[in-house]
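Here is a short briefing on a ligand and the protein around it. Look over the sequence and the model before reading on.

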Amino acid sequence: MSGSTDFREPPAAAPNLRFASEDSGLRAIAEKVFAGERLDFAEGVALYRSGDILAVGWLANSVREKMHGDVAYFNVNRHINPTNVCVAACRLCAFGRRKDSPGAYTMSLEQAWSAAASGYSEAVTEFHIVGGLHPDLPLEYFLDLASGLKQRFPKVHIKAFTMVEVAYLARRAKLTIPQTLAKMKEAGVDSLPGGGAEIFSDRIRHIICDHKIDGDEWLETARAAHRIGLRSNATMLYGHVENDEDRVDHLLRLRALQDETGGFQTFIPLAFHPDHTALEHLRRTTGLTDLRQIAVSRLLLDNFPHIKAYWQMMTEKIAQIALRFGADDIDGTVVEEKIYHDAGATTPQGMRRSELIRLIREAGRAPVERDTLYRSVVRDEESFTIAV
Ligand code: V47
């Protein structure tokens, strides 16, 4: 790579087109969106139920273009899953294993650090680290993992440990959640990924992940992280046994916490992949469901700066279209994805930076490489700098 590769272009003006839809309920919602008014629960449900998916997408796209113009973000990251051993045995999951089950693995610290260094030659700006709830690994293992990575890769942002892992490690270490987060921060954790949120509804959580922390605990852990200056993402797992009301409830609870803390950066809707899970009988989501989910997220989460169409979960093809349905980010190079691939994902394990740029350009958007905090990354030969 040579020279500047910051692809930012001036944001395009929001399209000055008239909204048109046969759905009269949608016209009233559009007026509120144009006036910058917040949508309520019933309007969220109406967006899920509208027969005019193109109009819902158009509306979300108008908000997305007002916020980000033509820019679409991506990053150069590497996923590391230090262990798949997990005590939770969630029905939604194909990744977790009992300690002595075939296929169970736990990386030594040396193995995890060397995994971080392997993969594509492109210098990564982020390590995304999540794993199972291991019954024997102490908090110190995770603190040493983070501090060892920081020592070896001081320029790389460490986005590590879901709210579920934080709460589990806190309990095992007999510490409070704020104390645990403070130790993680001190060890080098820079922000938290959005996983483990699933669906906050107790009724659904009992079916898909009954041994995990509940929705309130997930939100409380995120609140505690934001309070000490750790930003985080948020996710929602959809396309299993939840209904429209459960999804709206989830989004509005995230929106309420964001009003309070402002600590969320990106919302990532995650489509359920049923293969090799205890819910294998369920159907996969369709492209239209995925696109509608992106659009509704953009419209309801008016205080979230970013909506991510995670290409590995959505496929590259749907992620490209999502950039016109409300998403402004497609995530990154990833290098080695396990959670979705164990559950039957057919997308590649990772993607080169040049390929992400091509996908975004082809979707008619202007690619901007970002770091985890959405600052532009400027590359020169093998290294990068962050434009602040
Ligand atoms: O927490 C697990 C979900 C999440 C399945 O923060 C499943 O930038 C579908 O959170 N089908 C992990 N989903 C992934 C995640 C994530 C991904 C990309 C970016 C970010 C970010 C976060 O995947 C889990 C769970 O919610 N998951 N099993 C499954 N069978």
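How far does a polar side-chain atom of lysine 159 lie from an oxygen atom of the ligand? The distance is 2.7 Å. This comes from a predicted model. The points below cover the ligand, its shell and its pocket.

- Lysine 308 uses its side chain, where an N or O atom is 2.8 Å from an oxygen atom of the ligand.
- The ligand on its own has 620 Å² of accessible area, and the protein covers 96% of that.

**The shell around the ligand**
- The ligand is surrounded by 24 residues.
- The closest are Lys159, Gly196, Glu198, His273 and Lys308.
- By class, the shell holds twelve nonpolar, eight polar and four charged residues.

- The ligand takes up the space of the largest pocket.
- The volume of the largest pocket is about 840 Å³.
- Its lining counts 45 residues, and those closest to the centre are Val130, Gly195, Gly196, Glu198 and Ile339.
- At least two lining residues come from each of α6 (163-173), β6, β7 and α14.
- The lining of the largest pocket divides into 21 nonpolar, 14 polar and ten charged residues.

Notes
Residues are numbered from 1 along each chain as its sequence is written. This is a predicted model: local features need pLDDT of at least 70, side-chain atom pairs count only at pLDDT 80 or more; totals for chains, interfaces and linings use all residues. Side-chain values use heavy atoms; hydrogens and water are left out. A residue is near a molecule or strand if one of its heavy atoms lies within 4 Å of it. A polar contact is a pair of N or O atoms within 3.5 Å; within protein, one must be able to donate a hydrogen and the other to accept it, and residues adjacent in sequence count only if both atoms are side-chain atoms. Accessible areas come from the Shrake-Rupley method with a 1.4 Å probe; for residues, only the protein chains shown count as cover. On a 1 Å grid over the protein atoms alone, a cavity is a set of points where a 1.4 Å probe fits but cannot get out, and a pocket is an open set with protein on both sides within 12 Å along at least five of seven lines; lining residues have an atom within 4 Å of a point. A molecule sits in a cavity or pocket if more than half of its atoms lie within 2 Å of its grid points. Ala, Val, Leu, Ile, Met, Phe, Trp, Tyr, Cys and Pro count as nonpolar, Asp, Glu, Lys and Arg as charged, and the others, Gly among them, as polar. Grid points are joined across faces, edges and corners, and a volume is the space filled by probe spheres set on the points. Helices (H or I, at least four residues) and strands (E, at least two) are DSSP runs, numbered from the N terminus.
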